[in-house]
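Subject: A structure for you to look at

Hi,

Here is the structure I promised you. Have a look around it first, and then read my notes below.

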Amino acid sequence: MAEIVSARVIVTCPDRNFVTLKIETADGITGIGDATLNGREMAVVSYLQDHVIPCLIGRDAHRIEDIWQYLYKGAYWRRGPVTMCSIAAVDMALWDIKAKVAGLPLYQLLGGASREGCMVYGHANGATIEETIEEAIRHVEQGYKAVRLQAGVPGLKSTYGVAKPGQRYEPADGALPTESLWSTEKYLRSVAPLFDKAREVLGWDVHLLHDVHHRLTPIEAGRLGKELEPYRLFWMEDATPAENQAGFRLIRQHTTTPLAVGEIFNTIWDCKQLIEEQLIDYVRATMVHAGGITHMRRIASFADLYQVRTGCHGATDLSPVCMAAALHFGLSVPNFGIQELMPHTAKTDEVFPHAYSFKDGMMHPGDAPGLGVEIDEALAAKYEYKRAYLPVARLEDGTLFNW
Ligand SMILES: O=C(O)[C@@H](O)[C@@H](O)[C@H](O)[C@H](O)CO
Ligand SMILES: [Mg+2]
C-alpha cells in the first residue's frame, strides 16, 4: 500500500500557463501529472481541488486502474475535456509514483522499449511560402526527419499556426479572445503551391505534414487531400471538425492522403468509429486531454487492431510533464506513428527539469525512475497565472467559424 497523503495543484505561467497536479504518498514518494487545458485552465484547477483531491486522500496510489474507474464512473457526468484532463493528471502522477517505487523509467512498466526512440516532427511556419521553407530547411539541418508546414494565406492578416513577425508561435494570447478573419477559398488556393515548392526545395527524404485545423467541410477536405496527393504528405491533420466521425467517409472516398485527427478528443468514444472504419491513419489524442496513460493505452490497443497509428499532440500548451508521459508511451506502444514536438521555452524547461532528449530527429524519455520530469515549485511560484484565450475565427461576412 502506498497511501496518498496529499495532492496539490500548482499553477504557473513561465511564458504560458501550465497546471500540474502533485501527489505524495506516506513514504514521501511524489508523482506529477499535467492538467493543462489551454484557455480553460482554472476549470480544471477547480475540478481537481474542489472535487477530485478530497476523494484521493487515503487511497492506495498503486491502484491506478481502480482510481481511474472511480473518477470516471464515479463522476456520473462522464467524459468532456475538463473531467478527462483532471483524470489524466491523476493517472500520470500515479504512474510516476509506481515507476519511482519500482526504480524504473515508466516505459519499462508499459512493456519496455519497442524502438530505439520516438520520431518527432517540428513546426516550420512563415508569413510566406519562402519563409516557411527556410524554416523547414533549418529543421532538417537540426536533424528533424519530419516537418509540419504552415504558411500565411495571401489576403488574410493572420492564420492558425503562423507566428506574429519576430515572435514565437503561441496561440493563446490576450485577456480576451483575439478575433481573426478566415477565408476557405483564399486558404485552399495557397496550400498546394506551398507543398509544390517544398518538395522542389526539400526533396523527398523528409516527411511533410500539414494541419488544416478543423477549417474545411468534408468535401473541401477531400478536394484538398486530392490536390496534395502528388506531394506525398505524411498526414493532413484535423481536415474537418470530427464530432461527426462519419463525415470522414466522404474525405476517404476522394483522397489517399493520410489523415490524422484527435488532439481535441478526450476518450476512445470520440474516435471509435474513425478507427474501426479505418477513416483515419493516425490518432492524435494524448495523455493530458485523453485520460492519461491508462486510457491512451486503451486507445492505442484498439487502434492497433485497425492499423491506425499514434501521432500524439505535442504543442507548447501541453507541459513537459505531458511530453515525458507521451515519450514513455510512444517508446513502448507497438503502433507508434510520430510525436509532435514544439520545444518549450528555456524558462519553461527550467520550471520542469526533465530527462527526455532530442537527437537525430528522435526523442527518448530517458532512464530516470518514473516519468523523469519534476516541477521546481519555488521557480513555478514566481510565474503568476495570466488568463489567456485561444483565438476565435470569423468568416469575412462575420459568421463565427472554426479556429
Ligand atoms: O497540431 C497542433 O499542435 C495544433 O493544433 C495546436 O497548436 C493547437 O492549436 C493548440 O494545442 C491549441 O491549444
Ligand atoms: Mg493540430
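First, a term you will need throughout: helices (H or I, at least four residues) and strands (E, at least two) are DSSP runs, numbered from the N terminus. This is a predicted model, in which local features need pLDDT of at least 70, side-chain atom pairs count only at pLDDT 80 or more, and totals for chains, interfaces and linings use all residues. Residues are numbered from 1 along each chain as its sequence is written, while chains are lettered from A and ligands numbered from 1 in the order in which they are written.

Let's begin with H213, which lies in the loop between β7 (207-211) and α7 (218-228). H213 is not a glycine, yet its phi is positive, about 60°. Is H213 buried, exposed or partly exposed? A residue is buried if 20 or more other C-beta atoms lie within 10 Å of its own, exposed if 12 or fewer, and partly exposed in between, with C-beta atoms placed from the backbone. H213 has 18 such atoms within 10 Å, so it is partly exposed.

Q307 also has a positive phi of about 60° without being a glycine. You will find Q307 in the loop between α10 and β11 (309-310). Q307 is exposed, because 10 other C-beta atoms lie within 10 Å.

H213 turns up again around ligand 1, together with N38, P171, D211, E263, H313, A315, D317, E340 and L390. For this list, a residue counts as near if its C-beta atom, placed from the backbone, lies within 6 Å of the molecule. By class, the shell has three nonpolar, three polar and four charged residues (Ala, Val, Leu, Ile, Met, Phe, Trp, Tyr, Cys and Pro count as nonpolar, Asp, Glu, Lys and Arg as charged, and the others, Gly among them, as polar).

Next, the helices. Helix α3 (residues 81-102) packs against helix α10 (residues 292-304) at about 100°, with the axes 6 Å apart. Axes are lines fitted to C-alpha atoms, for helices over the stretch in contact, and angles run from 0 to 180 degrees between N-to-C directions. The two helices are therefore roughly perpendicular (angles under 35 degrees count as roughly parallel, over 145 as roughly antiparallel, 65 to 115 as roughly perpendicular and the rest as oblique). Their contact has five nonpolar, two polar and one charged residues.

Happy exploring!
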